Amino acid sequence: MDSRTCGACTACCTALGVTDLPVPKPDWTPCKHLCGAGCGVYARRPGSCREYQCLWRGGVGDENERPDVLGLIFEPWEPPDGDDLGTIVRETIPGAFERFIGSGTALAAIVASAPAYVVLPSGDRRLCGPPERLRRIWAAVEAKKARRRA
């Protein structure tokens, strides 16, 4: 259940792709339904939009860490090593991830202690986190690739 509403935040409306529209919307493209009040089709928005919940909406972080303010969207991620959850981080304001990691906030400490899959608007992706955990994730990814080739 949602513990917060989006309010003025529309960060995911640009950062995330939506495939269940008549004409799919790619990542990093503002949704054509965005208007001054947020989503212009909110009552009949696509299922993927209706079901999406970033961690902030789920109650993680304070008001200063709302995605449109912080420049980062956090969502849960299940890394391929089968261990505890990690985080997908989508950067919506250039440089926000680097500033965030050095901020010393409680949320930054949580993200630093678990794997984070960082997705940048440029299309670049980074895997960050504790070195031993990253080695296990990388080994799991390589094992999966090897099974596909076999």
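## Nonpolar cores

In this predicted model, the largest nonpolar core has 13 residues. Five of them have the most contacts inside the core: L72, F74, V89, F100 and V118. Four elements each supply at least two residues of this core: β3, α4 (96-101), α5 (106-113) and β5 (116-119).

## The cavity

Rolling a probe the size of a water molecule over the atoms shows where empty space is left. A search of the whole structure finds 1 cavity of 30 Å³ or more. The volume of this largest cavity is about 30 Å³.

Which residues line the largest cavity? They are C54, L55, W56, E65, P67, L72, I73 and F74. By class, 7 are nonpolar, none is polar and 1 is charged. Strand β3 (residues 72-77) gives the most to this lining, with 3 residues.

## The largest pocket

The largest pocket holds about 640 Å³ of space. Its lining has 35 residues. Of these, C6, C12, C13, R45 and C49 are the closest to the pocket's centre.

Elements α1 (12-15), β2 (38-39) and α2 (47-51) give two or more residues to the pocket lining. Helix α2 gives the largest share, 3 residues.

Methods: Residues are numbered from 1 along each chain as its sequence is written. This is a predicted model: local features need pLDDT of at least 70, side-chain atom pairs count only at pLDDT 80 or more; totals for chains, interfaces and linings use all residues. Side-chain values use heavy atoms; hydrogens and water are left out. On a 1 Å grid over the protein atoms alone, a cavity is a set of points where a 1.4 Å probe fits but cannot get out, and a pocket is an open set with protein on both sides within 12 Å along at least five of seven lines; lining residues have an atom within 4 Å of a point. Grid points are joined across faces, edges and corners, and a volume is the space filled by probe spheres set on the points. Ala, Val, Leu, Ile, Met, Phe, Trp, Tyr, Cys and Pro count as nonpolar, Asp, Glu, Lys and Arg as charged, and the others, Gly among them, as polar. A nonpolar core is a set of buried Ala, Val, Leu, Ile, Met, Phe, Trp, Tyr and Cys residues joined through side-chain atoms within 4.5 Å. Buried means under 20% relative accessible area, exposed over 50%, partly exposed in between (1.4 Å probe, protein chains only).
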